[in-house]
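Open the model in a viewer and keep the selection panel at hand. The stops below say what to select and what is found there.

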Amino acid sequence: MIHAEGVAEVTDATFDTEVLAADGPVLVEFTADWCGPCRQLAPVLSAVATELTGRMGVVQLDIDTSPGIAARYAVLAAPTLMVFRGGEPVKSMVGARPRRKLLQELEEVFETA
């Protein structure tokens, strides 16, 4: 898996505990080793995780090693970014994007909280 520095990895086994049962919102990147845009997104995800510390959790899930969760949420492309709050997906974005754009999109999640 393309690992973003400072971002934890979740699996099919840990997803429900780490994401669905989390106290606050969690951004999940559905990623894969073969995904070029995922490589571009890794440093962006690291920066966003640092910037949102205390406001939102950020984790990665490898769709090849944990296909069950990807199938549960109908993830068909990598990278897919999905925000979960209260055990439910509240926002979904497909494809890499620059840090500023990602932060703008995530602000909508905080505004609707």
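The tour goes through this predicted model from the sheet to its helices, then to the disulfide and the salt bridges.

**The sheet**

Select the five strands, which form an open sheet in the order E1-E3-E2-E4-E5 with mixed pairing. Strand E1 (8-10) and E5 stand at the edges; each has a single partner strand, so one side of each is left without a neighbour in the sheet. From one strand to the next the twist averages 30 degrees.

**Strand E2 and its neighbours**

Next, select E2 (residues 26-31) together with E3 (residues 57-62). These two strands run parallel and are joined by six bridges. Two pairs can be picked out here: Thr31 stands opposite Asp62 in E3, and Glu29 has Gln60 as its bridge partner in E3.

E2 and E4 pair in the antiparallel sense, over five bridges. On this side the bridge partner of Glu29 is Leu81 in E4. How many of the six residues of E2 are buried? Six of the six are, so E2 is largely enclosed by the rest of the structure. In a regular strand the side chains alternate between the two faces of the sheet. For E2, Val26, Val28 and Phe30 lie on one side, while Leu27, Glu29 and Thr31 lie on the other; all are buried, and both faces of the strand are covered.

**The helices on the sheet**

Follow the chain onward from E2. It crosses through H2 to E3, and this β-α-β crossover is right-handed. Show H2 (residues 36-51) as a cartoon with the sheet: the helix packs on the sheet and touches E2, E3 and strand E4 (80-85). The direction of H2 makes about 165 degrees with that of E2.

H4 is the next selection. This helix also packs on the sheet, with E2, E4 and E5 as the strands it touches. Its direction makes about 160 degrees with that of E5.

**The disulfide**

Select Cys35 and Cys38 and show their side chains. The two residues form a disulfide, with the sulfur atoms 2.3 Å apart. The count for the model comes to one disulfide. Is this disulfide right-handed or left-handed? The torsion about the S-S bond is about 85 degrees, so the disulfide is right-handed. Cys35 and Cys38 are both buried.

**The salt bridges**

A search of the whole structure finds six salt bridges. The stops that follow take in some of them.

Begin with Arg72 and Asp16, whose side chains meet in a salt bridge at 3.0 Å, N to O. The pair links distant parts of the chain, with Arg72 in helix H3 (residues 67-72) and Asp16 in helix H1 (residues 15-20), 56 residues apart. Arg72 has a relative accessible area of 44% and is partly exposed. Asp16, at 35%, is also partly exposed.

Move to Glu108 and Lys91. Their side chains form a salt bridge, 2.9 Å from N to O. This pair too links distant parts of the chain: Glu108 is in helix H4 (residues 99-111) and Lys91 is in strand E5 (residues 88-94), 17 residues apart.

Last, select Glu105, which is in helix H4. Glu105 forms a salt bridge with Arg97, and the closest N and O atoms are 2.6 Å apart. Both residues of this pair, Glu105 and Arg97, are buried; for Glu105 the relative accessibility is 11%.

With Glu105 still selected, display its surroundings. Leaving out residues up to four places away in sequence, Glu105 touches Lys91, Met93 and Arg97. Among these contacts, Lys91 is the salt-bridge partner of Glu108, and Arg97 is a salt-bridge partner of Glu105.

Key:
Residues are numbered from 1 along each chain as its sequence is written. This is a predicted model: local features need pLDDT of at least 70, side-chain atom pairs count only at pLDDT 80 or more; totals for chains, interfaces and linings use all residues. Side-chain values use heavy atoms; hydrogens and water are left out. A disulfide is a pair of cysteine sulfur atoms within 2.5 Å. Buried means under 20% relative accessible area, exposed over 50%, partly exposed in between (1.4 Å probe, protein chains only). A salt bridge is a side-chain nitrogen of Lys or Arg within 4 Å of a carboxyl oxygen of Asp or Glu. Helices (H or I, at least four residues) and strands (E, at least two) are DSSP runs, numbered from the N terminus. Two strands pair if DSSP finds at least two bridges between them. Axes are lines fitted to C-alpha atoms, for helices over the stretch in contact, and angles run from 0 to 180 degrees between N-to-C directions. Contact means heavy atoms within 4.5 Å. A crossover is right-handed if, with the strands pointing away from the viewer, the path from the first strand over the helix to the second runs clockwise.
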